[in-house]
Amino acid sequence: MEKASIYNDIQIAKANNRKLLAILLDPDKVVWDTLANLIYKINQSPATHVFIGGSLVESTILDDLIVRIKQNCILPIVLFPGDPSQISNHADGILFLSLLSGRNPDYLIGHQVNAAPILKQTQLEILSTGYILIESGSETAVERVSKTKPLERDNLDLVLATAQAGEMLGSKLIYLEAGSGAQEAVPQEMIRLVAQNIEIPLIVGGGIVDGQGIQKAYESGADLVVIGTAFEKDANFFNTQKKSK
């Protein structure tokens, strides 16, 4: 039986205006003793995908982590890698990222060239993604590791042109990223402008700390929202949001 296409499901959801939610797990920050409870919380959440990775994953337990999650969770697991060392054939797919907002050749094409032969030996679904880092009020891990500057929050025309260039280059997804632990989320007007002027699905993440932030991103046109730090700090994040309504 052929595996369902992650990208096809995202496209169908976009066509039907069904919003998606990914929980991002950083392997370096997962506490193994509480992993079973973490997986339970993910299963009880409205998440539709699990993203795994980070800008600087030093842990060597990526394979084991994915296997453990898959034993008790049926959501598609998508790698969100910082470099080719963060590839695991145990996942379902991989965001094949090109950091369009920066001009560091390693993150535009260098790491991708190194990853290509590895990926050809896997069964991972490759999701070509134009990755755009947005200024968020503080230096993020992405900025620090990639040695690139984010695009300015008020330069909407440049962000839009960058997203459109990514689409024209063949990206299947555009990802507007404020960065892990960002002080400010991607501006609503920026999400709206990009969403209205590209045809491919739009992912938005970074700096979203509550249910209202998720809803604002959806209302502005995000097709998939990523929650990382907020869930990382509080595995009861979604229960807390329900109670606060």
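Modeller: Before you ask, a cavity here is a set of grid points where a 1.4 Å probe fits but cannot get out, and its lining residues have an atom within 4 Å of a point. Keep in mind that this is a predicted model.

Colleague: Okay, how many cavities of 30 Å³ or more are there, and what is the volume of the largest cavity?

Modeller: Searching the whole structure turns up two cavities of 30 Å³ or more. For the largest cavity, the volume is about 40 Å³.

Colleague: Which element gives the most to the lining of the largest cavity?

Modeller: The residues lining that cavity are Lys41, Gln44, Ser45, Ala235, Asn236, Phe237, Phe238 and Asn239. Two elements give two or more residues to this lining, helix 2 (35–44) and helix 10 (237–244). The one that gives the most, with three residues, is helix 10.

Colleague: And by class, how many charged residues does the lining of the largest cavity have?

Modeller: Lys counts as charged, while Phe and Ala count as nonpolar. The lining has three nonpolar and four polar residues. Lys41 is in the lining, and the charged count is one.

Colleague: Switching to salt bridges, which residue forms one with Asp92?

Modeller: A search of the whole structure finds six salt bridges. In this one, the closest N and O atoms are 2.9 Å apart. Asp92 lies in the loop between strand 3 (77–79) and strand 4 (93–99) and its partner in helix 3 (residues 62–72), so the pair ties together parts that are 22 residues apart in sequence. The partner is Lys70.

Colleague: Is Asp92 buried or exposed?

Modeller: The cut-off for buried is under 20% relative accessible area. Lys70 has 34%, which makes it partly exposed. Asp92 has 16%, so Asp92 is buried.

Colleague: How many residues apart in sequence are the parts that Glu184 and Arg153 tie together?

Modeller: Glu184 and Arg153 form a salt bridge, with the closest N and O atoms 3.9 Å apart. Glu184 lies in the loop between strand 6 (173–177) and helix 7 (188–197), and Arg153 in the loop between helix 5 (141–146) and helix 6 (156–169), so the parts tied together are apart in sequence by 31 residues.

How values were computed. Residues numbered from 1 in each chain as written. Predicted model: local features only at pLDDT ≥ 70, side-chain atom pairs only at ≥ 80, totals over all residues. Heavy atoms only, no water. Salt bridge = Lys/Arg side-chain N within 4 Å of Asp/Glu carboxyl O. Helix = DSSP H or I, 4+ residues; strand = E, 2+ residues; numbered from the N terminus. Buried < 20%, exposed > 50% of the residue type's maximum accessible area, 1.4 Å probe, protein only. 1 Å grid on protein atoms, 1.4 Å probe; cavity = no way out; pocket = protein on both sides within 12 Å on 5 of 7 lines; lining within 4 Å. Points joined across faces, edges and corners; volume = space filled by probe spheres on them.
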